[in-house]
Each structure stands twice: as C-alpha cells, then as structure tokens.
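Here are a few notes to read alongside the model. Have a look at it first, then come back to the points below.

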Amino acid sequence: MSSFATLRTSLAHSQQPSAAATKAVKSLFLQPGSNQRYLSTTTSSFATFARPCSIITPASTIRYRQETTTPAQPQKRTFSLFTKNPSDTLAAAKAEEASRIPKAVQNDIPEALLHETHPKPMLDEFMGKKRLSTKDLEAIPIDLQYHREPANVSDWVAYHTVKAMRIPTDIFFRTKYIHRVVALETVAAVPGMVAGMLRHLRSLRRCSHDGGWISHLLHEAENERMHLLTWMKVSQPTLFERALVTAVQGVFFNVFFALYMISDRTAHRVVGYLEEQAVISYTHMLDEIDAGVLENGPAPKIAIDYWNLEENATVRDVCLAIRLDENVHMLTNHHLSDRIALKQEDLRVDIHKLQEEKGMVPTQNAEKVWTKENKY
C-alpha cells in the first residue's frame, strides 16, 4: 500500500494517526539521499500538520510549527457590511453615537425654546423696554468659537456640504459683505418655514400635538426675513443679483424640502452648520467695519424698531444684533437635531421640569403630565 493510502485509511478510522500512518508521512518528507528531516517526528506535530494549508504554498517550504500562546491583541473598532453578526455591530455603532451626542436633557434647552405657549423670536434682551446701546449689545454673551463636531456620517455630510456651499459664495461676492448677507438671509429664511410647514401638516394628519416645535420654527423664518428686509434698506442689489437670489432660493427650497422628508435630523444639522457660517460671516463684517473698510452708517428705522435699539444706532449695532440672532438659531437647530437622534422630540416634558425647578408650576411628575391621554 502506498504512503498516501496508508495515511488516508488511518484518518478514516480514527482521529489519532496510527504508527503506520506516522511512518508513511515521515517517508514523504524525508529529503532523498539523507537522513535530514523537514518534519518533527512527534505525533502532536503530525496533528498540527493535518490542518489545511494554502494550495499555493510550495511543499518544500512547509515546516512544522509548534502552537504558541500569544497575548490577545486589542481589537480595532471597525465596521464591515460583511460581519457575521451585523446586529451586534450596528448596536455598538448606535451606542457609540449616542455617547457622542449631547444628551437632550432640560438643562441643554436653548433659552429661545423655553417659551412654550408664546414663543419669542429672539433673545429676551431685545424684548425689554430699555433701548439697547452698543455697549449693551457687546455685553450680551456669545461663544464665537462654538462648533458642533460631527458625531456620525450624517453630521459629517451635513458639515462638509455647508462648507462646500460657501466656496461659490466667497468667489462670487468676495468683499461685498452687504450683498453677501442679502443672499445669505434669503436662503436662511427658507428652512424654518419648510420645517414648520411639514411639521404642521404632520400634526394635522396625526391629530396630535407637535411637541412645541412649529411656533419656534415659524418665528425663526420670520426673524430671518427681518434680517433680509433690514439689509435691503442698507443696500439695493442689482438686477442680476436679484435674479441670482431668486434662482438660489428656488433650488434650495426644493432641496431642503426633499432632505427634510428623507431625514429631518440631517436637515436641522445642515441649518445648524449654516448658522455657524453666518456667525463667522457677521464677525468678519464687524472686523471690516472696525477696520474702516465698510462704512458704519446709520441703522435703518426698521432695524431700530425690531431690535429695540437706540435712535442713534449704526450698521455695526445691527450686525451685533443679527449675529446674536444667528447664534440662537445655530444652538436651536443643533439641539433639535440631537433631540430627533435621541427620540426626545417633545419639548414640553423638559420645559415642565424646568418650570417645576423654578417654582413656576406645582411639582409633579413631568412625564405623566404629557402622557398619551393628555398629549393633545
């Protein structure tokens, strides 16, 4: 019987190789004309060899190798569509994402969202009886370094989309800051109206409360429209610029409408990043005014009345006021996007908790206040 036949018969009848089979294997790997062996003569080594090997490995290069215990290497956190258990990977990815998204608890609600029954379109400082001076505007806190780091692929796409949108704007308008903000405000007034309209229709279809979003979104659209009307008084765009604004608005409205239908979370994140860029643009505009590049003329009457400014207010004061508005919209939309991701869309529960803490309403279980029975 040949060596291969002896080996095959032994493996077919038992898991341990017989003495004859071991001898047969040895004879296969003895170098002709010498007693030098390529393989170990132990049975355990034979068992190691019995495992499959690559069919492209030359037989002359195969060597026996004793099993060694190596310390476990830390596994890299990677994602693959071809994982053996996709549900485990997706669950881990969702857990990691949730840990990176700020928790939408009541203490994180922007001030502008705390007015539940009668939402206010701007900061409380603009709603008071006292007319605001330049010193008052500069004293209102604002974080000019704020940036919401992307937490997932959706956020990354939203951020880089907004960054890409800024490139043609910078090329076209260059240092024409007044004309730039006219185009900016024309686009910025669209998202609030689209989002408010879609949530309004959803509330009608479901015959249920929207969770306190619609009024805030519509106020945001109105506030952005007032920005546009203010700058229209300062600068009269050319006919070509008006045509460009009309075309951009038509495209952006339909694109944002479709995006909100597909992913409202991503849509709000896009607006948050747009407002980040708006804060940057108005900061550059203020620097140009301070450097004397832009004329600091008198503020339009519509701006003085709307932001409750002093009668001698200037264009610089208007820039300060509008930048504060854009900062509010930025924080609000990032917060709304986080709420959608965490499935905590109803603002009323957290607002009620804050009212309890401030003693504005009797203390009770806020979650039970807005149960399904009282949801309407």
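The points below cover how to read the model, its salt bridges and its cysteines.

1. First, the ground rules. This is a predicted model, where local features need pLDDT of at least 70, side-chain atom pairs count only at pLDDT 80 or more, and totals for chains, interfaces and linings use all residues. Residues are numbered from 1 along each chain as its sequence is written, and side-chain values use heavy atoms, with hydrogens and water left out.

2. How many salt bridges are there? The count is twelve, taking a salt bridge as a side-chain nitrogen of Lys or Arg within 4 Å of a carboxyl oxygen of Asp or Glu. Arg148, Asp155, Arg269 and Asp338 join up in a network of them.

3. Take Arg131 and Glu311, whose side chains pair up at 4.0 Å, N to O. Arg131 sits in the loop between α4 (86-100) and α5 (134-139), and Glu311 in the loop between α11 (301-306) and α12 (315-342), so this pair ties together parts 180 residues apart in sequence. Helices here are DSSP runs of H or I, at least four residues, numbered from the N terminus.

4. As for disulfides (two cysteine sulfur atoms within 2.5 Å), the count is zero. Cys319 is buried at 0% relative accessible area, while Cys207 is exposed at 59%; buried means under 20%, exposed over 50%, and partly exposed in between, using a 1.4 Å probe and protein chains only.

Conventions: Helices (H or I, at least four residues) and strands (E, at least two) are DSSP runs, numbered from the N terminus.
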